[in-house]
Amino acid sequence: MTFYDDIYPFYPLQRTSFIFSGRLLTIILVFLVLAVSLLLILPGIRGKSRLFWMCRITISLFIGVVIVVLNFTNDWAEARMTTNATYKSFSNAVVNADIGLHVGLYGINVTLKGNPVVQFNETIDYNEMFTWHDTMEEEYEEALEKGLPNPILYIAEKFTLSSPCGLIFQYRYSGRYASATLWTAFCCWMLANILFSMPVVLYAGYMMMATAAFIFFSMASFSTIMNVPQCVFSIGTDSFEIEYSHSFWLALATGVLCAVIGILMVTLNFLIPEKMKEAFSVGVDSYEDEDVSYGEGYLNAVFLDGVTISPLTSKVMAVSGDTERVILSFDPSSNGFVIYLQAATVLYSLYIK
């Protein structure tokens, strides 16, 4: 029942494994290009700061790509089994196959792979995706029209609205809330990176803690699927139940990493704030202008005729014959000579002399 090159009926192209999703590959490639672009600046950084910046860029991009990828993976929870099952409807043919159910935030993925792959002159290697965006009944009807194997149809039927298990309601809403909180965590991660580049390292630490908090919220939202009465999937003589999988534990590890970084930043900012600012190259203002030592100054006698210069510690000046006065003082704490003009006409009279 297959066409050329092992293409299944009604399939325009050969199906690929969900692990190599094109969307995931696109996200990973985008972050890899961004990582390479940022790492190109490392040769311009001198000393020990180069290693610090490399670790900073690597860890930050790792957290960002994990948060985005977790939204599109299909292995937050999964169940696997190997059993003998009826292959097709209205047929007594029984095949030995590996059956897998993979639950993501946007749908489920059902896989069926024969042992061996070729049985009854057919290639038994199916990979079907059912999403929450559309009504599951519609996708289930399309699966029936395609004539998919019985194990796939049996699992998909458990997630329809008419199923007595009622899995679709809890799984769909749990996935939506988990995805929303993950995108919020991604926004917090971007804000944290912006704040790390500003003289507010303390608030950057707070945003990393907020990132961790929203990741934990997404995990808590997805965990509510376990509160639903467990629906036993019985295929052939065996059965299986859904358990947490790789994406769930990866989210936990990423949340713990963000929490540790945030707490460490906040703690060190209170203990050694100056060293923290120096490490992140922020908040170090230049006050060199206050310590500039000016060279020896020269006064033009033509303009100072009739004006007496006071000692360094004195601010009282001699008074000229006119009623107007010019006070010329030298303050050692200032950047140079400070001239106080008490009458604009005096300058004119000095210039005439």
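Colleague: How many disulfides does the structure hold?

Modeller: The structure, which is a predicted model, holds zero disulfides.

Colleague: Is cysteine 188 buried or exposed, and what makes it so?

Modeller: The relative accessibility of cysteine 188 is 8%. Buried means under 20%, so cysteine 188 counts as buried.

Colleague: Why is cysteine 55 called partly exposed?

Modeller: Cysteine 55 has 37% relative accessibility. Partly exposed covers what lies between the 20% limit for buried and the 50% limit for exposed, so cysteine 55 counts as partly exposed.

Colleague: What makes helix 2 and helix 5 roughly antiparallel?

Modeller: The axes of helix 2 (residues 49-70) and helix 5 (residues 167-196) cross at roughly 160 degrees and come within 9 Å. Angles over 145 degrees count as roughly antiparallel, and the two helices are therefore roughly antiparallel to each other. Helix 2 passes helix 5 in a left-handed crossing.

Colleague: Which residues make that contact?

Modeller: From helix 2 come Arg56, Ser60, Leu61, Ile63, Gly64, Ile67, Val68 and Leu70. Helix 5 supplies Leu182, Trp183, Ala185, Phe186, Trp189, Asn193 and Phe196. Sorted by class, the contact of helix 2 with helix 5 has eleven nonpolar, three polar and one charged residues.

Colleague: At what angle do the axes of helix 2 and helix 7 cross?

Modeller: The axes of helix 2 and helix 7 (residues 246-271) cross at roughly 145 degrees and come within 10 Å. The crossing of helix 2 and helix 7 is left-handed. In helix 2, Ile59, Phe62, Ile63, Val66 and Leu70 meet residues of helix 7 that include Leu250, Thr254 and Ile261. The contact of helix 2 with helix 7 has ten nonpolar, two polar and no charged residues.

Colleague: Why is aspartate 75 called buried?

Modeller: Aspartate 75 has 15% relative accessibility. The limit for buried is under 20%, so aspartate 75 counts as buried. Its place is in the loop between helix 2 and strand 1 (77-86).

Colleague: Which residues is aspartate 75 in contact with, leaving aside its neighbours within four places in sequence?

Modeller: Aspartate 75 is in contact with Val103, Ser245, His246, Ser247 and Phe248. The C-alpha atoms of aspartate 75 and phenylalanine 248 are separated by 7.8 Å, although the two residues are 173 residues apart along the chain.

Colleague: What makes the peptide bond between asparagine 115 and proline 116 cis?

Modeller: Omega of that bond is about 0 degrees, and the bond is cis. Proline 116 lies in strand 3 (residues 107-119). Most peptide bonds are trans.

Colleague: What is the phi of phenylalanine 120, and what is the phi of asparagine 121?

Modeller: Phi of phenylalanine 120 is near 55 degrees, a positive value in a residue other than glycine. Asparagine 121, not a glycine either, has a positive phi of about 60 degrees. Most residues other than glycine have a negative phi. Phenylalanine 120 is found in the loop between strand 3 and strand 4 (122-131), and asparagine 121 lies in the loop between strand 3 and strand 4.

Colleague: Why is asparagine 121 called exposed?

Modeller: The relative accessible area of asparagine 121 is 77%. Exposed means over 50%, so asparagine 121 is exposed.

Conventions
Residues are numbered from 1 along each chain as its sequence is written. This is a predicted model: local features need pLDDT of at least 70, side-chain atom pairs count only at pLDDT 80 or more; totals for chains, interfaces and linings use all residues. Side-chain values use heavy atoms; hydrogens and water are left out. Axes are lines fitted to C-alpha atoms, for helices over the stretch in contact, and angles run from 0 to 180 degrees between N-to-C directions. Helices (H or I, at least four residues) and strands (E, at least two) are DSSP runs, numbered from the N terminus. Angles under 35 degrees count as roughly parallel, over 145 as roughly antiparallel, 65 to 115 as roughly perpendicular and the rest as oblique. A crossing is left-handed if the near helix is turned anticlockwise from the far one by less than a right angle, and right-handed if clockwise. Contact means heavy atoms within 4.5 Å. Ala, Val, Leu, Ile, Met, Phe, Trp, Tyr, Cys and Pro count as nonpolar, Asp, Glu, Lys and Arg as charged, and the others, Gly among them, as polar. A disulfide is a pair of cysteine sulfur atoms within 2.5 Å. Buried means under 20% relative accessible area, exposed over 50%, partly exposed in between (1.4 Å probe, protein chains only).
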